[in-house]
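User: I would like to learn how to read an interface and a sheet in a model such as this one. Please start with the contacts between the chains.

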Amino acid sequence: MTIESAPVLVEARGVHKAYGSNLVVRGIDMTVRTGEVMCLLGPSGSGKSTFLRCINHLEKIDAGTISVAGELVGYRRQGDRLHELRDAEIASRRSDIGMVFQSFNLFPHMTVLENLVEAPIRVRRESPTSARARARELLDAVGLAEKADAYPRSLSGGQQQRVAIARALAMRPKLMLFDEPTSALDPELVGEVLDVMRGLADDGMTMIVVTHEIGFAREVADTVTFMDEGVVVESGPPTQVLRAPQHERTRSFLAKVL
Amino acid sequence: MPGSEAAPSPAAAIRVVPVRHYGQWVATALVLLVAGLIAVSLLTNPRYQWDLVFSYVFNAQILAGLATTMWLTVIAMVLGVVIGVVMALARESSNVVVSTAASAYVAFFRGTPLLVQLIFWFNLAALYPVVSIGIPFGPTLFTESTNVLITPFLAAVLGLGLNEGAYMSEIVRAGLQSVDSGQTDAAHALGMKKSQTFRRIVLPQAMRVIIPPTGNETISMLKTTSLVSVIAIPELLWQAQAIYSRTYQVVPLLITVSLWYLLLTTVLSIGQYYLERHVTRGDSRRTDRTLLGMIARGIVPRHAPVAPAGETSTERTSP
């Protein structure tokens, strides 16, 4: 099955987001299909991280709609109005969307294993025994089985980020969002995190990745989307957007980062 | 050193002589001199009347006062922590009316002397002779004289607790603000509800910042309760005063009382040490303070380090 024929998982239409008078996202349309890996590129301040945070309603949008697996995120539609959902309903919709942050955001007062089982037990009401067993499998998959009882502070940045990916996967998400996952890492640690992400992509996970790693985008992405000043400038397969960009803004950005 | 055996370097023979700190020798001599003078005076000045001091340690009246002091400390601190958490959350509220009211509360109770507040609560009847419960501008369901309702003990609890609440709200707020917003993001992204995020993620991390100054507040409260002797609450100091107003043994009784305060603050400091060690687990920056250091903090608790967030000052003006 090719990506083009897979069912749509994420659909954004006319998404706007402003902080005060500062329009950060100004009308984004985007479609991501099941199993697709989309890399969002763009200069800093182009609104790509903000847009990513809108997808799981960490930021409220001012206009437009975003739906994941056919459900609006954070809102309920009644006629032509969107009503914001209650906290519990938002939380339940978010639990199907995994997110990995630039600054890892592991819970420092919990061990690695406790980080992984917290949400499955509290949100999914899984039994502690099965949650722990699954957490150990996931840690093994990211190569950190022996760190289960360590506290996050004792791990390197690369190890912390791999734990953060495992923590998100513990919720069995339909979609994974990555917000500049390697930007806070020392250069020699970037590879181990990208390897884990590459493995995830190979397993068919749907991923939206905000990144500055052009190499990763070229190699792993099905679609590369270039954003600037809050809008999508161009989008397409990496061969097209990275090798033969149609727009001047894309060309000048790539010239700077490559 | 692996290489040094094979070929002893001439550098190995050179001795390192540290800088001599003559000032420190002088300071040490001075401290020892003063300590010696104090010790001699304590042992030889008969007016200390040590036999009297120790004869009063387990006096029934003193022990009753001690029990009242401990009760007051516990009740006032519990009230203070509850008010503190509520006021901290109110100050962070997006509702301007609520947050302003909380700020006003803190400003008022921190801005006026505790002793004045205590006397004020004691004299509340002068301002409101009766307390009525009813529907505002409607019928009254219950009426009672203020002097009956606000007993001296209740006035003391209200005065100490409401004042403490203002200080605790600043401590709790600094604690909540010390938790990175990425932590809430991560918890929300995992599908945790706001209440779960607060309870499981934010509060445990805030506690590291909240617990140490709260321990200091408790130690401080234990000593501050002596203020309520002015509104005739029979706590430790008041009982001592009651005895020495009959016997004129002022100094021995004040020493007895001081020994009890010192013992209790020491016990609290040790408890604080273990509690802090417990809440900072997993924190590599955790401070390995010595037990003796903690006891010293109990004796001089106002010199304790301020919470890492640092924005909140918890000094209070001495009454």
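Analyst: This is a predicted model. Between chain B and chain A, seven residue pairs are in polar contact, both residues of each pair being at pLDDT 80 or more. On the side of chain B that touches chain A, the elements giving two or more residues are α10 (181–189) and α11 (194–224) of chain B. That side has seven nonpolar, eight polar and nine charged residues.

User: How many salt bridges does the rule find across the interface of chain B and chain A?

Analyst: The rule finds two. In one of them, B:Asp185 pairs with A:Arg53, and the closest N and O atoms are 2.9 Å apart.

User: How is the size of an interface often given?

Analyst: It is often stated as the accessible area lost when the parts come together. Here about 2,200 Å² is buried between chain B and chain A, with 55% of that area from carbon and sulfur atoms. Within chain B, the residues losing the most area to chain A are B:Ala189, B:Leu190 and B:Arg200, which together give 27% of what that side buries. In terms of contacts, 24 residues of chain B meet 27 residues of chain A.

User: Now the sheet. What is the order of the four strands in the open sheet of chain A?

Analyst: In general, strands of a sheet pair through backbone hydrogen bonds, either parallel or antiparallel. In chain A the order is β2-β1-β4-β5, with antiparallel pairing. The edge strands, β2 (22–33) and β5 (71–72) of chain A, each pair on one side only.

User: Which residue stands opposite A:Val68 in β5(A)?

Analyst: A:Glu71 does. Strand β4 (residues 63–68) of chain A is joined to β5(A) by two bridges.

Notes: Residues numbered from 1 in each chain as written. Chains lettered and ligands numbered in written order. Predicted model: local features only at pLDDT ≥ 70, side-chain atom pairs only at ≥ 80, totals over all residues. Heavy atoms only, no water. Pairing = 2+ DSSP bridges. Contact = heavy atoms within 4.5 Å. Buried area = accessible area lost by both parts, 1.4 Å probe. Salt bridge = Lys/Arg side-chain N within 4 Å of Asp/Glu carboxyl O. Polar contact = N/O pair within 3.5 Å; in protein donor to acceptor, adjacent residues only side chain to side chain. Nonpolar A, V, L, I, M, F, W, Y, C, P; charged D, E, K, R; others polar.
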